[in-house]
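Hi everyone, thanks for coming. Today I'd like to walk you through one protein, starting with a single spot and then stepping back.

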Amino acid sequence: MTGIVNLCRRDFLKTGALIGGGLVLGFHIPFQTNPGQAEADSTSPSALNAFIRIGRDDTVTILVNKSEMGQGVYTSLSMLVAEELECDWARVRVEAAPVDKAYNHTAFGIQMTGGSTSIQSEWERMRRVGAAAREMLAAAAADQWKIDRAQCRTEKGAVIHPNGQRLTYGQLAERAAARPVPAKVRLKDPSAFKLVGKPTRRLDTPAKTNGTALFGMDVKVPDMLTVVIARPPVFGGTVKGFKSEKAKALPGVKEVVQIESGVAVAAADFWSAKSGREALEISWDEGPLAGFSTQGMREQYNRLAQNTGVVARKEGTPEKAFAGAARRIQADYEVPYLAHAAMEPLNCFVDLGPHHMEIRTGTQFQTIDRIAAARVAGLQPEEVTIQTTFLGGGFGRRANPDSDFVVEAVRVAMAIKKPVKVVWTREDDMKGGYYRPMWVDRITAGLDPKGKLIAWQHTIVGQSILKGTPFEQALVKDGIDGTSVEGAEDIPYGIPNILVSLHSPLIKVPVQWWRSVGHSHTAFVVESFIDEIAHSIGKDPYTFRRQLLAGKPRHRGVLELAAKKAGWGKPPAPGRARGLALHKSFGSFVAQVAEVSVNPAGKVHLHKIVCAIDCGRVVNPDTIEAQMEGGIVFGLSAALHGAITFKNGRVEQENFDDYPILTMDEMPKIEVYIVPSKEAPSGVGEPGVPPIAPAVTNAIYGATGKRIRRLPIRREELKK
């Protein structure tokens, strides 16, 4: 437990945390994986940090270093602290941590939320924070009672004397804060957990139900101007010229300025700014993508898929195995560009002064955003503060390596020299944002005379989301963007000869991680094709998978649990069929069984989804269930409706009317089952997404005999 230091109240205030009344227990925990980074932090005043604040009224406020975007992380991480601290959950409060190195991700070395890693990264650190505080409070009580610490116990926000006398944490906080931080602490054995592992009420629910929750869109300060921006209709386009007289003549419009990304209209309110934008007269140079189309790109991708790309995995002798195979099966798959389409559109508030800049926004990338904002404004990163608000959905869009929406807001503030809130309409982001890449895959399987799967070749074509970003050097190895092949190069099935390769064409359409990243497409391709092979040799898809998963107990565990709970092997109701899929992502194993029917008009009815997950130790089962449900809905929306397409360089979709999400009447019943486990906790934010599309399309095959190899599912393909 080295590296934990106590902070006086004054030092803690320097971190920029919002301090109300009460006393402060601060902890600096340089959990850096990079030794050089940790050394730098130990000498930097800005690295001082605090996770716990205890008030005289016995409230325990926990500062959480992850962004709350609906996934429940404010609650789950607070539970880890509260468990070891032995505090009263009813007295626990939560706040967003300020941006600071001390809050960096324990593995990635930056402050961020993503990759379904929040619990994985904080499982030990947050428990240690709570345990250290518990020991300091107990020692303070022992001092006051003049007894040995070992005679004291802690319980529900108080230290208990052997005679039953109690001192609450609020009564002890000041004395405890003056004590040295223990060099070592003993963490609870999981068998002694009272809170972790049990369904627990969410800390963010009251604010979200009584209207006090602060989202980025809610930010408003005196003299603030609201800004919307006219951006080029084609990616790579630029402003040739514009006239702003009509816009400036509108009530409420204050300023019109050209910035790097377009023409910004600043006004007293959103609708005035939007009206001003519509009144602009702009001529555009549309640039080299003016003729770009999805159809042309599809043809290019299909040509590339005919040849092996850069090899991501080669095992055995696939060429020899295919040459000797008794039978080959081949199929091509395609998935489209997808938008993140978060319910709260992008927005960013910036107040820029000569030596300080304040940013308020819903972001997943505090460190990256601060560095980018400081660079653009000519400030030092330490001169930039970021208040992370609630996020009305993220799905990866607010973890942008270019910090696009933050940098743009800074440029507007520099041009207008007033506090500004830049607001993207949903149309702005859908037509001019970042997307999950479009992918084309070709898979070939080789079978021996007995139908045994002996060879597998998978060729993947799609844009790299890492190329050109600050992460390229670290995460693109030998021409392989790992996010492009995840879920494909590590397929779990026992196949002796495997070749997985990748083409990463350079296309100037902005792409970015989208919930579950590469797994969102590889699971569809792999699990659909495994299903095809099973049917082609007359085997039950469940039995076929199970046989190929020898030595994979956690894969088999979720597969068997989902199949059992779904009644696999028993006939479904007349007219219905079941399909299943299995996928591991972000350390977690998920199997899903979909039960569907298809009417003569080709409409798919989703009746029931059964989901089984093995994510190691469970912190809050309510969160896991909610994340699986959310991931399933998210994946179903994409499978049934999602597609961003281009024509003449322009995105053809604009909003939820032509890029729909799942509606209430389309929603199936969902059952979630969690496999008990003592393994280390793993991700739950994204693993619910990948298996759902193939589970549904495999069920559609069972219902209709028609194989879906291109998403989204098209009704016309299923008409009788």
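Let me start with a question: where does glycine 518 lie? Glycine 518 sits in the loop between β23 and α16. A quick word on those labels: helices (H or I, at least four residues) and strands (E, at least two) are DSSP runs, numbered from the N terminus.

Before going on, please keep in mind that this is a predicted model, where local features need pLDDT of at least 70, side-chain atom pairs count only at pLDDT 80 or more, and totals for chains, interfaces and linings use all residues. Residues are numbered from 1 along each chain as its sequence is written, and side-chain values use heavy atoms, with hydrogens and water left out.

Back to our glycine. Glycine 518 counts as buried because its relative accessibility is 2%. Buried means under 20% relative accessible area, exposed means over 50%, and partly exposed is in between (1.4 Å probe, protein chains only). Setting aside residues up to four places away in sequence, glycine 518 touches Thr483 and Glu486, where contact means heavy atoms within 4.5 Å. Alanine 230 is 288 residues away along the chain, and its C-alpha atom is 32 Å from that of glycine 518.

The loop between β23 (497-503) and α16 (519-536) also holds serine 516. Its phi is near 85°, a positive value in a residue other than glycine. Is serine 516 buried or exposed? Serine 516 has a relative accessible area of 0%, so it is buried.

Another serine has a positive phi: for serine 403 the value is near 50°. Serine 403 is in the loop between β17 (384-388) and α12 (404-416), and it counts as buried because its relative accessibility is 0%.

Now let's step back to the whole protein. You can find 21 helices and 29 strands in it. Why does its radius of gyration agree with a compact globule? A compact globule of 720 residues would have a radius of gyration near 27 Å, and the protein has 27 Å, so the two agree. That radius is taken over C-alpha atoms, and the globule rule is 2.2 Å times the number of residues to the power 0.38. The C-alpha trace spans about 80 × 70 × 50 Å along its principal axes.

Of the 720 residues, 59% are buried. If you take the contacts with a separation of 6 or more, 76% of them come from residues 24 or more positions apart.

Threonine 113 is in the loop between β4 and α4 (118-145); its relative accessible area is 3%, so it is buried. A polar atom of its side chain lies 2.7 Å from the backbone nitrogen of serine 67. For reference, a polar contact is a pair of N or O atoms within 3.5 Å; within protein, one must be able to donate a hydrogen and the other to accept it, and residues adjacent in sequence count only if both atoms are side-chain atoms. Beyond four places in sequence, threonine 113 has contacts that include Lys66, Met69 and Gln364.

Threonine 294 belongs to helix α9 (residues 294-305), and it counts as buried because its relative accessibility is 8%. Which backbone nitrogen does the side chain of threonine 294 reach? That of phenylalanine 646, at 2.6 Å. Leaving out neighbours within four places in sequence, threonine 294 is in contact with Met438, Thr645 and Phe646.

Threonine 367 is in helix α11 (residues 366-377), and at 18% relative accessibility it counts as buried. A polar atom of its side chain is 2.6 Å from the backbone nitrogen of glutamine 111. Apart from neighbours within four places in sequence, threonine 367 contacts Val99, Asn104, Ile110 and Gln111.

Two more stops. Glutamate 86 is in the loop between α3 (73-85) and β4 (92-96), and it is buried because its relative accessible area is 11%. Neighbours within four places aside, its contacts include Arg134, Lys188 and Lys194.

Finally, look at proline 712, in the loop between α20 (692-704) and α21 (715-718).
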